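Thanks for coming. I will walk through one structure today, element by element, and keep to what the coordinates show.

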Amino acid sequence: MADAAVPEPATLPAARRRPIRDHELWVSFWAHPSAVIAAAMLLAIVATSLAAPWITPQNPYDLAALDLMNSEIPPIWSEDGQWPYILGTDTQGRDLLSAILYGSRISLVIGFASVLAALAVGLSLGLLAGYFGGIVDNLLMRLGDVLLSMPFILIAILISAVAQQSLPVGMRDTLAAPILVLAIAVPSWVQYARTVRASAMVEKRKEYVQAARLIRVKSWRIMLHHILPNTLTPILVAATLNFGLAILSEATLSFLGVGMPPDQPSLGTLIRVGNQFLFSGLWWIVVFPSVMLCLIVLSVNLIGDWLRDALNPKLR
């Protein structure tokens with residue numbers, strides 16, 4: 001009887017394995033219709049942007065492929081529309097659908113890279129400030145207060161303008177994307193640092209951290225292996241929401257003329273160029289890039305709202 005009651009060793013791992021479809025986060029996702037629609041929309045935008053070289057009729061960054069004879073063609077459903085220019089062309093003969101997909105790829109990459117850079121800096125400085133306290137905490141947090149006292153967009157414009165003017169003329173367009181990442185990331189790390197610092201100050205007083213100190217575990221191991229995992233939930237939500245803000249920031253900088261150059265247009269650059277012809281009848285040049293930008297930011301924000309509610313223990 002006793003032997004029959006003991007499960008087979010081979011069945012123990014299978015009994016403990018939990019299918020992903022039964023995970024609380026997965027169940028919460030499928031129970032949230034707006035999150036499902038937003039994720040599908042964002043996935044479709046990312047997939048088409050990555051596949052742009054194979055599904056678009058033109059490379060909008062190849063100036064030799066542009067033909068001024070094909071400029072200012074309206075969308076294909078209009079009376080003067082032409083195939084294969086589904087969304088029409090701009091004043092340079094650039095296919096608008098191709099430009100939007102290529103521009104979306106730039107905006108997504110810059111937004112994602114700037115969030116990663118700000119996250120890395122914010123996590124590191126926040127852990128140091130919260131764990132060590134004292135003068136380290138005061139110096140880092142006062143630096144953060146200085147950045148927060150100035151408008152975000154003003155800091156980004158200043159960094160972007162100074163960086164571009166410091167480079168040789170031939171390198172400004174080549175390094176436009178890294179400069180934008182830097183300009184967006186520098187004023188963004190403070191939010192992550194303050195969040196991690198608050199969590200680290202709470203966690204370092206708990207018994208498991210005190211026990212690790214007693215057995216002389218190195219400080220960096222305590223911060224990375226003990227404190228950091230317990231601070232990731234609010235950071236994940238903040239990073240998701242800030243991804244949309246980073247894309248908007250890139251579009252704003254490009255719209256103001258300190259972002260991507262006209263020969264490598266992002267969504268912000270396309271909107272800036274199209275805005276000049278808004279009242280001359282060429283409405284599609286500015287409307288379609290604006291709609292794409294709104295769809296990207298809306299989908300990211302909806303996913304961030306769902307993630308915030310799903311990871312909030314008070315709402316479970």
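This is a predicted model: local features need pLDDT of at least 70, side-chain atom pairs count only at pLDDT 80 or more; totals for chains, interfaces and linings use all residues.

Start with Trp77, which sits in the loop between helix 5 (52–55) and helix 6 (96–132). Is Trp77 buried or exposed? Its relative accessible area is 55%, so Trp77 counts as exposed. Trp77 also belongs to a nonpolar surface patch of about 690 Å².

The mean pLDDT of the protein chain is 81, and 91% of its residues reach 70 or more. Which elements have the lowest and the highest mean pLDDT? The lowest is helix 2 (residues 12–16), with a mean of 44, and the highest is helix 4 (residues 33–50), with a mean of 90. Across residues 1–16 the pLDDT is below 50, and that stretch has 1 contact in the model beyond near neighbours in sequence.

The peptide bond joining Trp83 and Pro84 is cis, with omega about 10°.

Arg94 is another residue of the loop between helix 5 and helix 6. What does Arg94 form a salt bridge with? The partner is Asp90, and the closest N and O atoms are 2.9 Å apart. Arg94 has a relative accessible area of 4%, so it counts as buried. Asp90 is at 3%, and it counts as buried too, because the cut-off for buried is under 20%. For the surroundings of Arg94, leave aside neighbours within four places in sequence. Its contacts are then Gln58, Pro60, Leu66, Gly88, Thr89, Ala99, Pro262, Asp263 and Pro265. There is also a C-alpha distance to note: Arg94 and Asn59 are 35 residues apart along the chain, and their C-alpha atoms are separated by 8.5 Å.

On to the other salt bridges. How many does the structure hold? It holds 5. One of them joins Arg194 and Asp145, with the closest N and O atoms 3.0 Å apart. Arg194 lies in helix 11 (residues 189–203) and Asp145 in helix 7 (residues 134–148), so this pair ties together parts that are 49 residues apart in sequence. Arg194 is partly exposed, at 38% relative accessible area, and Asp145 is partly exposed as well, at 30%.

Another salt bridge is between the side chains of Asp305 and Arg308, at 3.2 Å from N to O. Why are these two residues about one helical turn apart? Because they are 3 residues apart in helix 16 (residues 284–310). Asp305 counts as partly exposed at 28% relative accessibility, and Arg308 counts as partly exposed at 41%. Returning to the Arg194 pair, salt bridges that share partners join Arg142, Asp145 and Arg194 into one network.

Two serines remain. Ser266 lies in the loop between helix 14 (232–255) and helix 15 (267–275). Ser266 has 0% relative accessibility, so it counts as buried. Which side chain does the side chain of Ser266 make a polar contact with? That of Ser254, at 3.3 Å. Apart from neighbours within four places in sequence, Ser266 is in contact with Gly103, Ile106, Ser107, Glu250, Ser254 and Met260.

Is Ser114 buried or exposed? With a relative accessible area of 1%, Ser114 is buried. A polar atom of its side chain lies 2.9 Å from the backbone oxygen of Gly111. Again leaving aside neighbours within four places in sequence, Ser114 is in contact with Val181, Ile184, Ala185 and Ala246.

Arg94 and Asp90 form a salt bridge. Arg142, Asp145 and Arg194 form one network of salt bridges. Ser266 is buried, and Ser114 is buried. For residues 1–16, keep in mind that the pLDDT is below 50. That is what I have for today.

Methods: Residues are numbered from 1 along each chain as its sequence is written. Side-chain values use heavy atoms; hydrogens and water are left out. Patches are made of residues with over 30% relative accessible area and no salt bridge: like charges are joined within 9 Å, nonpolar side chains (Val, Leu, Ile, Met, Phe, Trp, Tyr) within 5 Å. Accessible areas come from the Shrake-Rupley method with a 1.4 Å probe; for residues, only the protein chains shown count as cover. A salt bridge is a side-chain nitrogen of Lys or Arg within 4 Å of a carboxyl oxygen of Asp or Glu. Helices (H or I, at least four residues) and strands (E, at least two) are DSSP runs, numbered from the N terminus. Buried means under 20% relative accessible area, exposed over 50%, partly exposed in between (1.4 Å probe, protein chains only). pLDDT is the predictor's confidence in each residue, from 0 to 100. Contact means heavy atoms within 4.5 Å. A polar contact is a pair of N or O atoms within 3.5 Å; within protein, one must be able to donate a hydrogen and the other to accept it, and residues adjacent in sequence count only if both atoms are side-chain atoms.
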